[in-house]
Amino acid sequence: MKHAMALPLALWVWVIFHGFVLCQRPAVVNLGAVFTFDSVIGRPAKVAMEAAVSDVNSDPRILNGTKLNLITGDAKCNVFIGSIATFQVLERQVLAIVGPQSSSIAHMISQIANGLQVPQISFAATDPSLSALQFPFFLRTTHSDSYQMAAMADLIDFYGWKEVIVILVDDDYGRNGIAALDDELDKRGSKISYKLSLPTEFNVTDFTEMLNKSKLIGPRVYVVRVNPDPSFRIFTVAQKLQMMTRGYVWFATDWLCATLDSFSPMNETSLRFLQGVVGLRQHIPQSRKKDAFVSQWRKMQKKGLVNSGLNTYGLYAYDTLWALAYSIDEFLKKQGKVSFSASDRSLDIRATQLEKLEIFDSGDLLLRQLPQINFTGLTGQIQFDSERNLINASYEVINIVQATIRGVGYWSNYSGLSVLPPEDVKSEQKRDSFQDQKLGNVTWPGGITEKPRGWEIAADERPLRIGIPRKASFVEFVTELNTSHKVQGYCIDVFNEALKLVPYNAPHTFIPYGDGRSNPNYGELVQMVANDMFDGVVGDVAIVTNRTRIVDFTQPYAATGLVIVAPVHNTKLSAWVFLKPFTVEMWCVTAAAFVMIAMVIWILEHRVNDDFRGPPKRQLITMFLFSFSTLFKTNQEDTRSTLGRIVTVVWLFLLM
């Protein structure tokens with residue numbers, strides 16, 4: 001009996017103990033971080049992530065006793081070295097990979113993360129193509145460049161420029177970002193007219209030659225999309241080439257502000273090279289949490305514990321660790337344990353170090369937990385959209401004036417350009433309502449405040465081909481003199497006066513169209529503009545509907561409206577002027593017609609109609625009144641005979 005009771009009791013104790021072991025949280029969970037330590041983004045990010053791990057481990061409200069252990073690997077701005085560092089980190093059974101900041105390295109690490117089912121979350125890889133379904137384990141706690149390029153396109157469109165030149169680094173980060181900009185500009189009727197592609201380690205001499213050649217092209221609006229460069233070599237070269245002067249426009253993506261914010265203290269000498277540059281910076285809303293962290297960072301700077309300023313990517317790196325902590329906390333509440341299994345043995349990797357790599361068994365569960373987080377961090381609301389990017393993308397528009405960084409406005413994906421921060425813009429203001437789009441005053445290169453034109457006539461560009469009609473009539477409008485081949489006329493005078501109002505030189509040449517013996521076909525002349533045989537036409541060309549469908553017209557400067565053309569005679573006005581529309585013969589024929597109708601009606605109605613009987617005088621009056629009154633009113637006398645009625649109907653029809 002005792003043995004019979006002991007067996008169920010032992011089984012119950014074993015089940016309780018086994019369930020406790022299974023449900024027990026691990027004491028430590030490993031997180032991997034792969035990025036370039038010694039870089040504009042990496043230096044503040046490393047310190048921020050270490051601070052985040054310390055804050056998470058000291059907070060009893062999260063992870064319930066489980067500690068985070070951050071294992072870092074240095075990518076050294078190299079895809080190959082970054083891949084090796086990733087493998088070394090993954091050997092430590094990490095639950096997630098943080099980073100890298102390089103989009104090129106992120107593409108490689110994403111493939112590795114997919115194979116081992118380890119979620120990857122980056123705080124600085126902004127390449128829009130990383131949101132593709134090809135990388136299901138990739139998330140980012142920063143904004144995709146698809147938003148930044150929409151902001152840049154709105155900025156260019158706000159000032160009305162239609163063509164730009166871009167300077168880009170020729171890698172995934174540069175090419176895919178500029179491809180997104182090209183798409184956004186196309187939506188707004190603008191385009192990229194020329195691209196200056198640079199290798200990741202470009203030679204200043206070669207770039208100087210490339211930039212100097214771009215001066216031969218018409219556009220003067222430049223968009224710079226390169227990796228963070230503390231030396232600002234591009235702008236240094238531009239200044240040496242006298243391209244940071246009046247007439248030029250320089251835009252920079254957020255790499256510029258990330259570099260400037262990392263300076264400690266701000267280098268005013270470098271800012272002098274950037275006079276008039278307009279850039280974008282990821283907007284971080286003001287909050288007590290952010291202010292406290294910035295204050296703590298400054299204290300560490302004074303103590304020499306930090307050798308870099310705090311840029312926005314450092315703040316995003318801090319929030320990334322907290323996002324992982326919240327996700328892992330929920331994951332452990334549901335899963336209870338962390339396990340890894342050997343990688344696929346069908347891959348012959350036993351003779352290499354890769355056999356140490358293990359697959360995260362519950363990686364897909366942690367991946368499903370990450371997009372569900374929603375909390376407020378240093379950078380604002382941390383919440384993901386359907387493409388695993390942060391929601392509510394917003395940027396600050398900055399302008400460098402007299403060695404200082406000055407904010408001139410904001411951009412967000414739901415309110416567009418505004419002088420107010422996105423969090424202060426009314427929620428009902430939609431992205432498509434551009435009536436209220438505005439920015440503060442901008443100081444452009446050369447110290448000017450008026451908007452630059454943004455283009456010049458290229459040095460090697462051909463003159464404008466202006467077609468003119470060579471015709472036989474109305475030569476006062478436009479004509480070519482046969483003797484001197486000089487073009488003159490009213491239209492030419494208007495054209496020349498208009499050119500005087502243009503603040504630049506517009507070389508042109510007049511090309512006559514027609515033989516001069518007869519008027520040319522104006523429809524064919526307009527069609528030649530649409531066919532790019534002429535750049536424009538000057539002449540007395542009528543604006544009609546079918547022509548407006550293929551070319552644009554200026555405002556009409558000579559218009560007569562609807563008129564009646566008639567010869568003018570010096571005749572004295574008299575009371576009989578109303579008789580002038582008809583000739584004497586016409587008036588006689590008209591009077592004879594009335595008399596004839598009167599007689600016909602009297603003949604047909606006299607025998608059967610009492611209204612047409614009586615004394616001769618009365619019959620004459622009735623007869624002629626009946627005929628003439630049909631012009632103005634209904635007759636008092638009725639017609640009785642059938643023939644009389646037929647004649648009356650025909651007569652009334654003729655009078656109509």
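Tutor: Helices (H or I, at least four residues) and strands (E, at least two) are DSSP runs, numbered from the N terminus. In this chain there are 19 helices and 22 strands. The model is predicted, so local features need pLDDT of at least 70 and side-chain atom pairs count only at pLDDT 80 or more, while totals for chains, interfaces and linings use all residues. Residues are numbered from 1 along each chain as its sequence is written, and side-chain values use heavy atoms, with hydrogens and water left out.

Student: What is the order of the strands in the open sheet of 5 strands?

Tutor: Strands of a sheet pair through backbone hydrogen bonds, either parallel or antiparallel. Two strands count as paired if DSSP finds at least two bridges between them. Here the order is β2-β1-β3-β4-β5, with parallel pairing. Because β2 (67-74) and β5 (138-140) each have a single partner strand, they stand at the edges, and one side of each is left without a neighbour in the sheet.

Student: Which strands does α4 touch where it packs on the sheet?

Tutor: Contact means heavy atoms within 4.5 Å. By that criterion α4 touches β1 (28-35), β3, β4 and β5.

Student: Is Ser110 buried or exposed?

Tutor: Buried means under 20% relative accessible area, exposed over 50%, and partly exposed in between (1.4 Å probe, protein chains only). Ser110, which is found in helix α4 (residues 103-116), counts as buried because its relative accessibility is 1%. Leaving aside neighbours within four places in sequence, Ser110 is in contact with Gln120, Leu130, Phe135 and Phe138.

Key: Axes fitted to C-alpha atoms, helices over the stretch in contact; angles between N-to-C directions.
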